[in-house]
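Student: Got a new model open here. Walk me through it, please.

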Amino acid sequence: MIGFLQNIVFMNPWILAGAAGLPLLWYLLRIMPPAPQHLILPTTRFLKGLIPENQTPSHTPWWILLLRVFIALLVLIALAHPVYNPAGQLPGHGALRIVIDNSWPSATIWDRQIKAAEETLSQAGREKRQIYIVTTAPAPGEPKPLQYGPMNYAEGLSILQGLEPLPWPADYKAAKELLSEQKEKSNITSLWYAHGLNEGNIHPLIKILAAQGGLHYISPKPGNTPLLLRPSEKTTLDMEVLVEATANIPEGLPVSVQAVTADGRVLDHQSATLSPADLPAAIAFDVPEAFRNDITQFRLAGKTGPGGMLLLDESSRKRSVGIVAPAEKAEAAPFIEASYYLKRALEPYTSLHFGGLHDILEQEPSVIVLPDIGAMPPEDLDTLEGWVKKGGLLLRFSGPNMAQGQNELYLLPVPLRKGGRSLQGSLTWQEPVTIAPFDERSPFYGITVSDEIIIKQQMLPAQGQEIEDKIWASLSDGTPLITAAQLDSGMLVLIHTTATPEWSDLALSGLFVKILRRIVSISGTASSENTKTSGYLEPILTLNGFGSLQEPGSFVRSVPAKDFEQTEPSSVHPPGLYGRGGAQQALNIGSHIKRLEATAGLPVTVTQKHYGSEYESDLMPFLLYSAVILLLADWLIMIAMMFGARAFLRFATPVLLLFFIIPPAYAPAYAQEQNYADGLYLAYMRTGDTNIDTISHQGLKSLTQILKRRTSVEPAGVAGLDPERDELAFFPIIYWPVTPEQKRLSPKALGNIQSYLDHGGTILFDTRDRNYAARALSGTKNTEALRRMIGGLNLPPLMPMPENHVLGKSFYLLDSFPGRYRGGTIWVEQNSAKGRDGVSSIIIGPHDWAGAWAAGKGQRSSMSGGSRQQELAQRFGVNLVMYALTGNYKADQVHVPFILERLGQ
């Protein structure tokens, strides 16, 4: 009880001084009405012995007086505005420091962090306290985090609203040094709004914050800590990713991972439940071979931020490789045939095909390997040459057959001498040589070369040939080991030794696998610019703090190719895609963070709290409501005392029904309906999925701003609706995102929706899955969920949107209607012109328009078409609202000349 009272704060405490007048109120209640006077009348003796039916007390009972005084006391306390557990009750008395975790894990709870920090900042402004703001992640392009202050509330709010999560780890050491350099180091109370992970040695920073005036550490609950995607360490034929979490997560935490293409399509998604005893959790994907190379990223569904993204580069794509050799030779003669070593090296990373040249070409491979083939029929050479010129990569190995070939060799990057060069044996003066480190211009630059690999024999280029620009790898004596040359759009690559241990130890080493993987990874990107790779990989696309790919900022620096595998994401090297030309390499957060640790072991002097564990309760309404209830009870008691029990029941029953039933049932609904009737509101249907509902709200909110800037339409706000409880008639158009989990609607909901559609309303159903089933609204989980959900509605026939539909010219002239996705089919009503002014009651599409509209509001989704696609999505939103409001106005023939002029026809 004492703890409860300690957490109550009065906003208007001076009103409590009125309690001093309660004794006076007690006295006034006692003397009112005035006491009866004694008068002597002779005739009153005739009334002796008579008992009156109604008796009036000569004074008010004490317990009635006490009740009325208590009512007055409740009103006084309510007017003093008591608040339980006020959010604004800040610890300490001096300056206030707000520490914000803004590194990669903070994206998942960024809204909570900023909201809590804004509440703290607001109260600090009321208390006239100096404010400092410190971040933990280094600023873009800078080695240290940022620190602001001292400042006032307005300056602090401006800085706080300008912060955003950054896609690299925090640097607690740099933050500690920054605080050590601060002039004022004492009497500063710190509130750390954290993401809950320990990204390094966090305890020295905690120690210095606690020593400077006290520390309050606010973090999410264990089930809300960030998750991490990282690549699998296993070499398997299946696509597999690992989901990492902290060890304090609750048992059975559900997660879902999606395999996504460059244009935003989800090819596959797999779900799993996490257990603290089995981390990290491996999730495998079953994607058809034909679509496997379309996957460009894996992402955690419902989670945002770079930690929930795993980008794939060229090396991650599974290429189709054809080896011109019978498959049975690799098994019949292991350790002898070249196909055996090639199979062992390439099988885990590629889709292998064995057989004759024509059989392999039917498989449309990216790479064809010729292991020591010296001669081929002319027609096969012509066919192979044509394949290379169209973009194929031909990889050839030297060997005894090539060395002893009597005819001229074709399809080689450099002409060769006849016969091989032997570096061992009693008849040679030379010793076996090793492989020289790879040159900076070589595609193999950055791969470590072992001195234990010995080359005993090789094929040499013909004399007098200038091949310096064609050498990818050399031996320690300067002779070439690997050469390459471009042939139209394709490439010829020759390894001047065998694919078996006969001429060298290369086939027995791990370097053999790395070289082959690098050669296969550049297939399909062959160009004169790529045959020689520069020493630096330039940034192509980088992730922002919310996990969206974007153009790299000016602060992003190129990465030395030799150091790329060891380069960790930082303020100058954010995660993303780096490379040059068509060759790309991915830099992921998950590739460099092997374990997630929750922040634990904080000193006892540090106060620990969770987001949402503290709440503010305004006690004024409860006290006023209690006072009204007691006042009503006082009135009913007076009725009972004056008129008896029968009169009491006659008066009390309707009053109680009116007081307890009518206001709760009708007042809020009436207020809500009156609110929506005051202006134009854009509405969406709630799905029950918090992430999707948030995106819908943010997207429509962004669309309201666009409408205000570009049109005469001024929406008053955004409304989230429930079809079973809310009145739909106030909204001209409703956006309805579809999820696979949505169930059939109840009869009441179906009735409300049917009435809405029959009386002029329009619903945009967004399946958000880019349904490719042309001329058919089926084939995906979301479309099937839509069919199941609205199966009980009496809907008109639908058709694919025609090219001249008025929706494409209601405001902007549009020939496509993209959202986050594009290319899907949009369905409209066939006979929408009858009785609805040309407006279709149903519009169905798969492009995730709300996700595109919300892209500027911190939404974490990316669009394949970039800013142009986002602009087109915004224009579609404007057209959609204008179409719902104005109908077929732009379909009138009077507009045709102007529209044709705009179209240039």
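Tutor: Naming first: helices (H or I, at least four residues) and strands (E, at least two) are DSSP runs, numbered from the N terminus. This is a predicted model, with local features needing pLDDT of at least 70 and side-chain atom pairs 80 or more, while totals for chains, interfaces and linings use all residues. Residues count from 1 along each chain as its sequence is written, and side-chain values use heavy atoms, leaving out hydrogens and water.

Student: OK, how many helices and strands are in the chain?

Tutor: The chain has 23 helices and 37 strands.

Student: Let's do peptide geometry. Where's the cis peptide bond?

Tutor: The bond between Leu279 and Pro280 is cis, with omega at about -5 degrees. Pro280 sits in the loop between S11 and S12.

Student: Who else is in the loop between S11 (266-274) and S12 (281-285)?

Tutor: Ser275 is in that loop too. At 16% relative accessibility, Ser275 is buried. Its C-alpha atom is 7.0 Å from that of Leu253, which is 22 residues away along the chain.

Student: Which non-glycine residues have a positive phi?

Tutor: Most residues other than glycine have a negative phi, and most peptide bonds are trans. Among the exceptions here are Glu364, with a phi of about 50 degrees, and Leu411, at about 55 degrees.

Student: Buried or exposed, for Glu364 and Leu411?

Tutor: Glu364 is exposed, with a relative accessible area of 67%, whereas Leu411 is buried at 12%. Glu364 belongs to the loop between helix H11 (357-361) and strand S17 (367-371). Leu411 is in the loop between helix H13 (400-403) and strand S19 (421-422).

Student: You mentioned H4. Which of its residues are buried?

Tutor: In H4 the buried ones are Trp110, Gln113, Ile114, Ala116, Ala117, Thr120, Leu121, Gln123 and Ala124. Their cover includes strand S3 (95-100), strand S4 (131-135), helix H5 (153-162) and strand S6 (188-193).

Student: At what angle do H4 and H5 pack?

Tutor: About 170 degrees, with the axes 9 Å apart. Axes here are lines fitted to C-alpha atoms, for helices over the stretch in contact, and angles run from 0 to 180 degrees between N-to-C directions. So H4 and H5 are roughly antiparallel (over 145 degrees; under 35 is roughly parallel, 65 to 115 roughly perpendicular and the rest oblique). Ile114, Ala117, Glu118, Leu121, Ser122 and Gly125 of H4 make the contact with Tyr153, Gly156, Leu157, Leu160 and Gln161 of H5.

Student: Then H10 and H14, what's the angle there?

Tutor: H10 (residues 338-346) packs on H14 (residues 510-521) at about 75 degrees, and the axes are 9 Å apart. That makes H10 roughly perpendicular to H14. On the H10 side, Tyr341, Leu342, Ala345 and Leu346 meet Phe512, Val513, Leu516 and Val520 of H14.

Student: New topic, H20. What do its buried residues pack against?

Tutor: They pack against strand S33 (733-737), helix H19 (747-758), strand S34 (762-766) and strand S37 (842-845). The buried residues of H20 (residues 781-789) are Asn782, Thr783, Ala785, Leu786 and Met789.

Student: Where's His805, and what's it in contact with?

Tutor: His805 is in the loop between strand S35 (798-800) and strand S36 (827-829). Neighbours within four places in sequence aside, His805 is in contact with Val828 and Tyr883. His805 is buried, at 11% relative accessible area.

Student: Last one: where does Leu67 sit?

Tutor: Leu67 is in helix H3 (residues 62-79), buried at 17% relative accessible area. Leu67 and Ala633 are 566 residues apart in sequence, yet 9.5 Å apart in space, C-alpha to C-alpha. Apart from its neighbours within four places in sequence, Leu67 is in contact with Leu630 and Asp634.

Definitions and conventions: Contact = heavy atoms within 4.5 Å. Buried < 20%, exposed > 50% of the residue type's maximum accessible area, 1.4 Å probe, protein only.
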